Amino acid sequence: MRRPLAELAAYQALRSHAQEIEKRTLREWFARDPKRFETFSRELGHFLFDFSRNRICERTVDQLLALASECEVESWRDKMFAGERINLTEDRAVQHTALRAAGSASTEPGMSQNQILGRMEALAGKIREQGFSDVVHLGTGGSQLGPRLVCDAFSDEARFGLDMHFVANADATEIDRVLRGLDANRTLFIIASKGFATPETLANAQVAKNWILQGDRAEKSIARHFVAVTSRPERATAWGVPESQVLPVWDSVGGRFSVWSAAGLCIVLYLGMPAFRELLRGAEEMDHHFRTAPAKQNVPLLLALLDLWSRHFMSTVAKVILPYDTRLRYLPGYLQQLGMESNGKCVDRAGGALDVPGSAIIFGEVGTNAQHGFFQYLHQGSPALHCEFIGVVRAGHSHREQHELLLSNMLAQARALMCGQTLEEVQARDRSPHAEHRVFPGNRTSHTILIKELTPHSLGQLLALYEHRVFVEGIVLDINSFDQPGVELGKHLAANLLENLRAQGSVQDLDAATGALLEFYRRHA
């Protein structure tokens, strides 16, 4: 059992170091060191990673790497890739990286990933031959966030005459709006649920089944309209999905890591198997880098440690994801779940309470929309938040001047957060009253990630990069990043409350507020 994080020598050294450099500003650091960007940036394949706008020096990086060493990050990384059961609360291996490793072995019984990919491709070909015009992906959380992100990012490149729709919410308004205007005879539904027991997904699947059966449609027509992606195929077939249209997912792959699995069937249908394989290949390349690159060149490791530095030693409570490309508009939500469901925990691996801050809040929005939403807070609000800007060099369109307008906004915002604006600088340009209201403290940190071109390959690299950052943070915090007990608690309570909601008798064994809200619903429903 590891000692608590706060007691580790490297952590204590970082605490002292943070106090030593607390008063230094990013303006000063850049003014004193013309090579700061070269020192604190890395190029890797399609990417340029700039972390020079963190409040760090070379000694900071050295001490962060010492912390990673003391926490045995490298050993835990090797255990994950070797298929050891590092998900201790569920006694499972963590196998999402095996999904994109060509020819890799898995600890899972049943189909290999190569066999699953073959079935996905064959099923996609069969579906396309049946004349469907629309595909509705039914899933929630990780079962839809990744597939939706990928499909939306490359929707301009869809090749097969299919329109793709996603339904996640238990609110039936969502599925009603999607179904409105669709032709039931030409609509296919993908039910993506790892345990084939997710209440929201199954409720939407039942609405879909009723919609298909309405009017004179015969029950036997149901089979061709449904595909299931699940680790419990017997439940899917009992529901009514033909065995030939059930694709397996591994128990050792959590929902938020499942975009690489059969949950990506909608990607294969919409974009084609070559695009899906490129997504996997990009992720595999990032896996290789994470496993083999020296620590000072290891981008996922460095960025994860800087996330910890920002949260634990620079008092940053939130990380803001800011993609300046509409094709990445679903990335903030995807990363929010990946980070906050994995590491949003206060219990360490031994079952004790964390003695240090947990992971940061994650939220975001696509630029430039975000500038007109919450950037005022980023510049002048308290406390300061850490920003992550993501830009694409080559646009996905022909409007070069507008693309340059977009990227100039991204670069300007990162610079403005770093430099701020003094009273003297305001008054030098404008002598109007209330100049003090336009003073910005600056010294607000950010990363910038530039991607040469957004392709399935580069997106696969990007998503794998974030997965490994989450993994490293979890190891340093000494938590299990691969379960989600809070989600399970909510499901359990919701099932019990549903019975109360529908019952006619008196409400018992509930707190006063919950009981009163239920009674109000009953009176007015």
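The protein chain carries 57 positive and 62 negative charges, and their mean positions lie 2 Å apart. Lys and Arg count as positive, Asp and Glu as negative; His and the chain ends are not counted. Each charge is placed at NZ of Lys, CZ of Arg, CG of Asp or CD of Glu.

## Basis of the model

This is a predicted model: local features need pLDDT of at least 70, side-chain atom pairs count only at pLDDT 80 or more, and totals for chains, interfaces and linings use all residues. Residues are numbered from 1 along each chain as its sequence is written, and side-chain values use heavy atoms, leaving out hydrogens and water.

## Overall fold

The protein chain has 20 helices and 11 strands. These are DSSP runs (helices H or I, at least four residues; strands E, at least two), numbered from the N terminus. Its C-alpha atoms fill a box of roughly 75 × 60 × 55 Å along the principal axes.

Of the 525 residues, 51% are buried (under 20% relative accessible area, 1.4 Å probe, protein chains only).

## Nonpolar cores

The largest nonpolar core holds 117 residues, and Met120 and Leu459 have the most contacts inside it. Helix α18 (residues 456–477) gives the most to this core, with 12 residues. Apart from it lies another core of 22 residues, including Ile175 and Phe226. A nonpolar core is a set of buried Ala, Val, Leu, Ile, Met, Phe, Trp, Tyr and Cys residues joined through side-chain atoms within 4.5 Å.

Leaving aside residues up to four places away in sequence, Met120 touches Leu247, Ser261, Ala262, Gly264, Leu265, Val268, Met273 and Phe276. Contact means heavy atoms within 4.5 Å.

Note on methods. Buried < 20%, exposed > 50% of the residue type's maximum accessible area, 1.4 Å probe, protein only.
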